[in-house]
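Here are my notebook entries from a browse through this model. I wrote them in the order in which I looked things up.

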There are 2 protein chains.
Amino acid sequence: MKKGIIPAISGLLAGFLTAGVFFANTDMGEKTVANASSDAEKVYVPFGKQDEYYLFASGGHSGQLFVYGVPSMRRIRTVPVFTPDAATGYGWDKKSKEMLGGYTWGDLHHPAFSETKGEYDGKYLFATDVANNRAAVMDLKTFTVEDILNVPNTSGPHCAAFVTENTEYLFLPTRFPVPINREYAKLDDFSTKYKGVMSAVTFNEQTKKLELAYQVALPPWSYDLSDAGKKTSADWAVLTTYNTEEATTNLEINASQKDRDYIVLFNWKELEKMVKEGKYDTVNGAKIVNPAKHKGAIYLVPVAKSPHGVDVTPDGKRFIASGKLAPAMTVFSFEKAFEAIKNKKFDGEKYGIPVLDYASVMEREVNPPNALGPLHTQFDDKGFAYTTMFISSEIVKWNVETGETVDRVPVQYSPGHSVAAEGDSVSPDGKYIVALNKIAKDSYLSVGPSHPESMQLIDLTGSKMKVIQTAPVDPEPHYAQIIKADKIKTIEVLPKDEKRPNSVWKQEDARIERKGNEVHVYGIAMRSKFIFDGKAERKDVVTVKQGDKVIFHLTNIDLDEDITHGFAVNAYNQNMEIQPGETKTMEFVADKAGTYPIYCTNFCSALHQEMSGYLLVEPK
Amino acid sequence: MKKGIIPAISGLLAGFLTAGVFFANTDMGEKTVANASSDAEKVYVPFGKQDEYYLFASGGHSGQLFVYGVPSMRRIRTVPVFTPDAATGYGWDKKSKEMLGGYTWGDLHHPAFSETKGEYDGKYLFATDVANNRAAVMDLKTFTVEDILNVPNTSGPHCAAFVTENTEYLFLPTRFPVPINREYAKLDDFSTKYKGVMSAVTFNEQTKKLELAYQVALPPWSYDLSDAGKKTSADWAVLTTYNTEEATTNLEINASQKDRDYIVLFNWKELEKMVKEGKYDTVNGAKIVNPAKHKGAIYLVPVAKSPHGVDVTPDGKRFIASGKLAPAMTVFSFEKAFEAIKNKKFDGEKYGIPVLDYASVMEREVNPPNALGPLHTQFDDKGFAYTTMFISSEIVKWNVETGETVDRVPVQYSPGHSVAAEGDSVSPDGKYIVALNKIAKDSYLSVGPSHPESMQLIDLTGSKMKVIQTAPVDPEPHYAQIIKADKIKTIEVLPKDEKRPNSVWKQEDARIERKGNEVHVYGIAMRSKFIFDGKAERKDVVTVKQGDKVIFHLTNIDLDEDITHGFAVNAYNQNMEIQPGETKTMEFVADKAGTYPIYCTNFCSALHQEMSGYLLVEPK
């Protein structure tokens, strides 16, 4: 393999890539079977015990988040984020329906925990939607989404949401260049009219709302992955880019022509200052900074072609980029970069953004023998880095200070990201790493042509890395984060808040009020009945006229753990979940005349089956 | 506890029921921890090995099916059935969108395998939708839904789909009485205008279509669970009913007034004959048999109040009903029932249907001490029955011949159904039973007020039953079936069928054709690019005019295992999966002008990220 300053892709490697995925010899996997008994014990969490960590995996084009326990690798929960979820009624009740804004799917990529002083604080989880250009925040007290922000002027915020050291910002760089506001423009005008936009989003903990602080108009390239600085580099952040060739067709070939692409290195404190000083244009209500006009915050660092991951070391001193079409990881020094900026060691400009001199910023190229397709790097508590090798299907452990390879473990197959326990924080735990494999092939009982993805848990505590559990996962976990279980403090029952709008806590207060064509039902769900009208002969029946808008405001007055009620209207395509102590609103137009059973969908008691009523719709 | 011919509910028991779920002391659970090492080994399936059984769990109000491996209890796959699924694009491509018919959720209850001679044959899986009154069939070669049938005249087919011994019929009895065709009728007219309708559905293996054969107009009661006869009882089937009180409000209290409800016992061969002879009325295109007018096929068997499960023994000689408000299981004899019918041992009629004399049909009441809330019964290969006890949170093993209790195991908590390996076939395996617990409470890391459900795997091979694995599951598995892994033969790649309509296999055949306002794209998805127009300069770009209807016909020409492509249009809320060798169609109106990236959502190669293009929509 040719080893230059910028490693070029070899013919052999190019052959592998166009052939796509190739499957490593599974002999390596068989070896893990030998010592099965002790591995079995390591991952076994019997009833009465609980897992040590939560793993939150992005659900990719499911639009949702999957919650697993580690080390058992059991899937505990699906949390709906960008896609409606029938099981919980997410997208049916008024609040979640409005949050989703008519979109029926999303493509949830990289989730990120909120941080305090660079440590996961267990309060919130952020995620972005590549499909329909959104950001979301989930409250870890309730495991429900609090807010969704539609991001203007951009298309495919892929590598977000990564957060700064004290959750000041999430940065959402866009994967697909489009004209500002996604306006129509010919591809012949790509270099002049298309832009790559990075959005800086803040989270207001009081209002629980996400807000667009500002955007930066970057060159028309694809922005891929990213990380925030830490400690001495805390004011900075890094993003990888590809297609700096600005190809407009057949990117498979045309976006891999040049030997180098870039890392975008930016100082968000400086950008914040520029915005305060009015150094932006307003487009579509968004403040957009133009780095060619307002200099001093953004630089480009040359990197081996088509980089994918870029990861900041826990001490904040280095950032490591992996070129998926290059065989090597490149270690860059923040300190060297700061020096180069100070001394203006520039190698020209691109779109008015200074390009730093590669040799002045690069510290080391790390090229483990026969390792192919490095993608992402995670860290432990002892100064080691762990890089996934997509093509050679393995994880390579290496020393960040020396570049020395210290261990390798095969995984099955084609790992994209990996995630270490607390691996993106300033103090990783070093106990486990999970490989997020893109290809499962024959790992599990076959479920037809469409296979699951596969996660493999690797024990880092022994003298050698060892795969100790293999878990299928629905498509498609792009990234995950792992947090210590005791950092998350959920609430089990929502508070009995008698002042909450539309809530009803006493049977005699349940009532049906007509306002013109609107029928408001202020009702109760309890074991094991619905009470819509506390004074009626049939308290669990609602009668309306065809064409009326029916608005159900329902409160679950059972303040007991795990007593969730469902509320479904048969043949009216309506269902929602009401958690203990919760009030929810559902509204729909009763446009079909007839007799429609109402029933509880969430098993709640021995008489759950009897928890039903009727919606009677009198014909016009 | 009072023990009569029909056991009445005791005051103590009634107290438990109105209090809802109660949590058994978890000391019992702690005991299972002691021998963790050997249990761990029993359930551990390392990479390179596969599970022994598939478990298919109904996904309840998620509308989907969950596929697990046994004994690992790992969730391998979510198969979308009644609800759109963003991850696979189910509900976005033309075929699945039309099958779903505008419904965006379902409530999938009891799944059932197709059978040949009473054995699971591994060919198809059937399921019903309580929410929107549908039945579905899934092909186990591809793990995809082939057909969905909208069932008229009924509301909430709960206890289906159970199949007869050679999959002649699935029977879909309705849970909610409604007027025929769900027409509007006052609840004061409940006994005269409302009906409980049972639907007999056939599956045509040639056309892969479900068809409504006939319906039966039953009394206005709620039909709950059911089973088909086997061997000597193969022409018969049984359903439980509750609310024979015909209460129209507050069923929690009013549907539990009488000491007895009924099992409906019917001869489907006889019904088939009646239909052939024209003994039916046609309503809404459906043939409806009125059992009061056409006698000889349907009988009522008195049973302890509010029964839930009814299960036929593997030898087909007995059926066992469990009264959720009674402490006992009741064993009935088919032979005795046939005798009673022959000798007209009737105890009056209900709605013209003869009621069999209880003592003439009943064989034994089984009342294990301190066991409360029996719901469902499964079987092993040695003549033992296993009944879930919802209130006392346990599974009781007992001898069907003698009624003797031989073992009990606590489960956590509140089991509804349980499912044994091949447990509904004529030859259960007897190795495992899985408790489907309604309440997880503190079994797993907390995920907020809304907890998962919980499945527990019980080893039946030792001298005592033992819980050896505990697995969370998304809401809400009402039932499951377990089949030997080697019975299912999936295909990994769909055949290269060059005559398939709209398919394109060569790059030069990819083309874009305009027909008036419609733009048809006949394209290819392959590693790692889209080809929409084989002759264009930019082969991966589609340009249309605002308001055009765009129809993408895409073929995945990668005929390799696990190389699935996705096809998404950014900001247009569109995504679908195209399996290896598959052709799929997606159509939408390009009503928004602008620039919209197209990208592959299913990771397919090292250059997956580059597999993209543009939809350009010129403004009007």
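**Entry 1, a strand pair.** I started with strand 39 (residues 565-569) and strand 42 (residues 594-599) of chain B, which pair in the antiparallel sense over 2 bridges. I then checked what faces B:Val569, and found B:Ile598 of strand 42 of chain B opposite. I am keeping in mind that this is a predicted model.

**Entry 2, the sheet around the pair.** I traced an open sheet of 5 strands in chain B, with mixed pairing and the order 37-43-42-39-40. Which strands stand at the edges? I found strand 37 (541-545) and strand 40 (574-578) of chain B there; each has a single partner strand, so one side of each lacks a neighbour in the sheet. Neighbouring strands of this sheet are turned against each other by 15° on average, with direction ignored.

Next I turned to the interface, where 155 residues of chain A are in contact with 155 residues of chain B. I noted a buried area of about 13,100 Å² between the two chains, with 56% of it on carbon and sulfur atoms.

How many salt bridges join chain A and chain B? I got 8. A salt bridge that I looked up links A:Asp474 with B:Arg75, and their closest N and O atoms are 3.7 Å apart. I also logged 85 residue pairs in polar contact between chain A and chain B, both residues being at pLDDT 80 or more.

On the side of chain A that touches chain B, helix 3 (residues 36-43) gives the most, with 6 residues. I sorted the residues of that side into 71 nonpolar, 50 polar and 34 charged.

How values were computed: Residues are numbered from 1 along each chain as its sequence is written. Chains are lettered from A and ligands numbered from 1 in the order in which they are written. This is a predicted model: local features need pLDDT of at least 70, side-chain atom pairs count only at pLDDT 80 or more; totals for chains, interfaces and linings use all residues. Side-chain values use heavy atoms; hydrogens and water are left out. Contact means heavy atoms within 4.5 Å. Buried area is the accessible area (1.4 Å probe) that two parts lose on being put together, summed over both. A salt bridge is a side-chain nitrogen of Lys or Arg within 4 Å of a carboxyl oxygen of Asp or Glu. A polar contact is a pair of N or O atoms within 3.5 Å; within protein, one must be able to donate a hydrogen and the other to accept it, and residues adjacent in sequence count only if both atoms are side-chain atoms. Helices (H or I, at least four residues) and strands (E, at least two) are DSSP runs, numbered from the N terminus. Ala, Val, Leu, Ile, Met, Phe, Trp, Tyr, Cys and Pro count as nonpolar, Asp, Glu, Lys and Arg as charged, and the others, Gly among them, as polar. Two strands pair if DSSP finds at least two bridges between them. Axes are lines fitted to C-alpha atoms, for helices over the stretch in contact, and angles run from 0 to 180 degrees between N-to-C directions.
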